[in-house]
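Reader: I have a new structure open and would like a walk through it. Can we take it piece by piece?

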Amino acid sequence: MSIKRIGILTAGGDCPGLNAVVRAVSKNALKHGVEVLGFKNGFDGLVRNEFINITNHTVSGILTLGGTILGSSNIANPFNYTLPPFGSPETPRDLSSVVMHNFKENRLDALITIGGDGTLHMSQQFVDMGMPIVAVPKTIDNDLSATDQTFGFDSALAIATEAIDRLHTTAQSHHRVMIVETMGRYAGWIALRSAIAGGGDIVLIPEIPYNDDVIVNAILERKNRGKNFSLVVAAEGAKNERGEQAVARTVAGSTDAIRLGGIANKLSQMIEDKTGIESRACVLGHTQRGGTPTAFDRWLSTLYGAKAFDMVLEGKFGYMAALHAFKMTEVKISDAISNLKRVDPHGEEVRAALEVGMSFGSAEIG
Ligand code: F6P
């Protein structure tokens, strides 16, 4: 099959490196004389038929740029469409046939989707309807098991680590407990790795249920050793022993409606009440998704983008570009969405953290 025109979109929560992927896909395609249509705001662009014609000029100078020049959406789901004027949260509609129609009307030979778990699920649904799709794995959460690393994660990790470094000095000056809340949804990768890299004292992750008293004892034990400050890194999805998580809000139409958040403030109050040590919460939030990508993410995004277009030329539809042992490879999208990659509580990263004296706020682990 000869490829003349492709579409590309960026969907889900944004992250550093999206533009670098768009650039690499487009440069590779344009070099082969293939036209590239960039659909706006994820799958919403295919619902509304809103796109830009990407030229070399469009993608020039965007390698280092944060965000996405195409825009993104983590609520525009064509299979459960809630956005006005075509749908609403009360009356969601299935507009997948509109997307199929627009794909054909624009005479597209393939679509490259750049997104995380939700985008991969939608991509697979369109593959099942016959759309030729190649996917690229994006998410700061790094929770996709089919690839060694998603792009965006390294940048988020660098931002979180820098924040911990900065919070360390102020915690020390004021003899306080600082609780830093990281993103990551149901996986503790950002929290664990930034805590290891930043020398956190206590780290709470969704994979290891925490107990308030164990956290308090770890802080008091440090105080007894003359360390009158502590740094707690809490993943937004960390659970206590009763399985309770802090939920900030729910978002209608999103593939995962729950938005986590609020754990740092809760812990800060609890720690201050139980230890008598002044405590402060710092929620990193969307700063972890903003700004320029790290060198590693620029490298990884460029490899992903170049590979994704190569896969289109090879007709590898229904597949996702993946990183395995620092080499580009491909995996079925259906395999990529079948299970989340989460921290192994008995794995070597947790063991290393314990060996350098970190607490997981758990009596079971440690
Ligand atoms: O999946 C990426 C992510 O940044 C999560 O870490 C976080 O829980 C969520 O998205 C936040 O989404 P929103 O942009 O809707 O606040």
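Reader: Where does Leu260 lie?
Author: Leu260 lies in strand β10, residues 258-260. Strands (E, at least two residues) and helices (H or I, at least four) are DSSP runs, numbered from the N terminus. This is a predicted model, where local features need pLDDT of at least 70, side-chain atom pairs count only at pLDDT 80 or more, and totals for chains, interfaces and linings use all residues. Residues are numbered from 1 along each chain as its sequence is written, and side-chain values use heavy atoms, with hydrogens and water left out.

Reader: Leu260, buried or exposed?
Author: Leu260 counts as buried, because its relative accessibility is 11%. Buried means under 20% relative accessible area, exposed over 50%, and partly exposed in between (1.4 Å probe, protein chains only).

Reader: Which residues is Leu260 in contact with?
Author: Leaving aside neighbours within four places in sequence, Leu260 is in contact with Arg185, Tyr186, Glu236, Gly237, Gln245, Ala246, Val247 and Ala248. Contact means heavy atoms within 4.5 Å. Take Val247: Leu260 and Val247 are 13 residues apart in sequence, and their C-alpha atoms are 4.3 Å apart in space.

Reader: Switching to helices. How do α8 and α9 cross?
Author: The axes of α8 (residues 212-224) and α9 (residues 263-275) come within 10 Å and cross at roughly 60 degrees. That makes α8 oblique to α9. Axes are lines fitted to C-alpha atoms, for helices over the stretch in contact, and angles run from 0 to 180 degrees between N-to-C directions. Under 35 degrees counts as roughly parallel, over 145 as roughly antiparallel, 65 to 115 as roughly perpendicular, and the rest as oblique.

Reader: Is that crossing left-handed or right-handed?
Author: The crossing of α8 and α9 is right-handed. Right-handed means the near helix is turned clockwise from the far one by less than a right angle; left-handed means anticlockwise.

Reader: Which residues make the contact?
Author: From α8 come Asp212, Asp213, Ile215, Val216, Ile219 and Leu220. From α9 come Leu267, Met270, Ile271, Lys274 and Thr275.

Reader: And which residues of α9 are buried?
Author: Ile263, Ala264, Leu267, Ser268, Met270, Ile271 and Thr275. The cover over the buried residues of α9 includes β6 (177-182), β7 (202-204), α8, β8 (230-235) and β11 (279-283).

Reader: What follows α9?
Author: Gly276, with a positive phi near 75 degrees.

Reader: What about α1 and α10, how do they cross?
Author: The axes of α1 (residues 18-31) and α10 (residues 295-313) come within 7 Å and cross at roughly 40 degrees. So α1 is oblique to α10. Their crossing is right-handed. Residues that meet include Ala20, Val21 and Arg23 in α1, and Ser301, Thr302 and Gly305 in α10.

Reader: Now α5. How many residues has α5?
Author: Helix α5 (residues 117-128) has 12 residues. From first C-alpha to last, α5 reaches 17 Å, close to the 16 Å expected at 1.5 Å a residue. The expected span is 1.5 Å times one less than the number of residues.

Reader: What covers the buried residues of α5?
Author: The cover includes α4 (96-105), β4 (110-115), β5 (133-137), β12 (319-324) and α11 (333-336). Among the buried residues of α5 are Leu120, Met122 and Phe126. Just after α5, Gly130 takes a positive phi of about 105 degrees.

Reader: How many residues has the largest nonpolar core?
Author: The largest nonpolar core has 62 residues. Those with the most contacts inside it are Ile6, Ile8, Ile112, Ile114, Phe151, Val203 and Phe360. Helix α6 (residues 153-174) gives the largest share of this core, eight residues. A nonpolar core is a set of buried Ala, Val, Leu, Ile, Met, Phe, Trp, Tyr and Cys residues joined through side-chain atoms within 4.5 Å.

Reader: Where is Ala325 found?
Author: Ala325 is in the loop between β12 and β13 (327-332). Its phi is positive, near 50 degrees, though Ala325 is not a glycine. Ala325 counts as exposed because its relative accessibility is 60%.

Reader: And Phe326, buried or exposed?
Author: Phe326 is exposed, with a relative accessible area of 62%. Phe326 has a positive phi of about 65 degrees.
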